[in-house]
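My entries follow in the order in which I made them.

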Amino acid sequence: MRGWRRLFADKAPAEPRIDAVKRLRAGYAQLGDEELKRAGREATTVVEVVAVTAVVAFRVLGLDMFEVQLQGALALADGALVEMQTGEGKTLAAVPAVVWYARSGNGVHVLTANDYLAGRDADWMRGIYEGLGLTVGAIRQGLGRDERRSAYRRDVTYATVNEVGFDYLRDQLALHPHEQVHRPFAAALIDEADCILIDEARIPLVISGGADEAPHVAAQADHAVRALGRGVHYTVERQGRDVALTDLGIETVEKAIHCRNLFEA
């Protein structure tokens, strides 16, 4: 229960921080673009980051962040769950929190409900991030490995949970680091959290092997192991439920499946 209370509880009274954001926003609004970008880099508190991001949002998109959006941004930056009604502008409300997390330089994933929203929101909010000196990428279906790696290297990456999840699974199957697309994970902000963390989480992500190749490989393996003898060609470690081929076993299997090196890719 402690974890849930921490997740849902207010981290600090909203009103004083909202008032502070409004005061700072009035001051930041007097700065030029480069001064504003520098102010964003030098900001050390959540309140300062929210205020400077709100000014950039108005300057770039002409959107003035309302109080409910400022409250949402502060709560998200605190690591809390936020419920906002349709039309209250949650896409923009999330941006100051994303900026706050992205300042570490370790990258932030913004996980959205579908492929269309990932691309739309990245393009829509791009000017705000770039106005603060941050880079933005988006993962869409059909992107190649190099394009995905490039998008994940940005300060902010918009994507669906399925795309990120399948990229993670493929990374675990990679034989060389250069075949992987992800970098070490740091922070994620989740849109439609109830859908992603509850509804979609009920369906596991699975990568299946090639169906056409499987029967052929299975037949070869079945033929190869029939000629092996325990203690001669392989050893068994019961506690770990592990079987390991001996040198003779490796040689025997290579001959049986006509393979020069069993451990080649």
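**Entry: salt-bridge network.** I began with a network of salt bridges that links Arg148, Glu163, Asp167 and Arg170. I counted a salt bridge where a side-chain nitrogen of Lys or Arg lies within 4 Å of a carboxyl oxygen of Asp or Glu. The model is a predicted one, in which local features need pLDDT of at least 70 and side-chain atom pairs count only at pLDDT 80 or more, while totals for chains, interfaces and linings use all residues. Residues are numbered from 1 along each chain as its sequence is written, and side-chain values use heavy atoms, with hydrogens and water left out.

Helices here are DSSP runs of H or I with at least four residues, strands are runs of E with at least two, and both are numbered from the N terminus. Arg148 and Glu163 are both buried. For accessibility I used relative accessible area with a 1.4 Å probe and protein chains only: buried is under 20%, exposed is over 50%, and partly exposed is in between.

**Entry: other salt bridges.** How many salt bridges does the structure hold? I noted 15.

Arg149 and Asp146 form one of them, at 2.9 Å from N to O. These two are 3 residues apart in helix 8 (residues 145-152), so about one helical turn separates them. Is Arg149 buried or exposed? I found Arg149 buried at 19% relative accessibility, and Asp146 exposed at 56%.

I also looked up Asp33 and Arg59, whose closest N and O atoms are 3.0 Å apart in a salt bridge. Here the link joins distant parts of the chain, from Asp33 in helix 3 (residues 33-42) to Arg59 in helix 4 (residues 46-61), 26 residues apart. Asp33 is exposed, with a relative accessible area of 52%, and Arg59 is partly exposed at 33%.

Entry: Two strands were taken to pair if DSSP finds at least two bridges between them.

Strand 2 pairs with strand 3 (residues 156-160) in the parallel sense over 3 bridges. Val136 has Val156 in strand 3 as its bridge partner. Contact means heavy atoms within 4.5 Å.

**Entry: aromatic rings.** I searched for rings of Phe, Tyr and Trp (its six-membered ring) with centres within 6.5 Å, calling planes under 30 degrees apart stacked, over 60 edge-to-face and the rest tilted. The count is 2 aromatic pairs. The pair of Tyr168 and Phe185 has its ring centres 6.1 Å apart and its planes at 40°, so I logged it as tilted. Tyr168 belongs to helix 9 and Phe185 to the loop between helix 9 and strand 4, 17 residues apart. Tyr168 is partly exposed at 40% relative accessibility, as is Phe185 at 49%.

Entry: Helix 4 has 16 residues and reaches 22 Å from first C-alpha to last, close to the expected 22 Å. The expected span is 1.5 Å times one less than the number of residues. Its buried residues include Val46, Val50 and Ala54. Gly62, which follows helix 4, has a positive phi near 75°.

I checked Val47 of helix 4, and found it buried at 14%. Leaving aside neighbours within four places in sequence, Val47 is in contact with Arg17, Ala20, Val21, Leu24 and Leu74.

In helix 5 (residues 67-77), the buried residues include Leu70, Leu74 and Ala77. Gly79 follows helix 5 with a positive phi near 90°.
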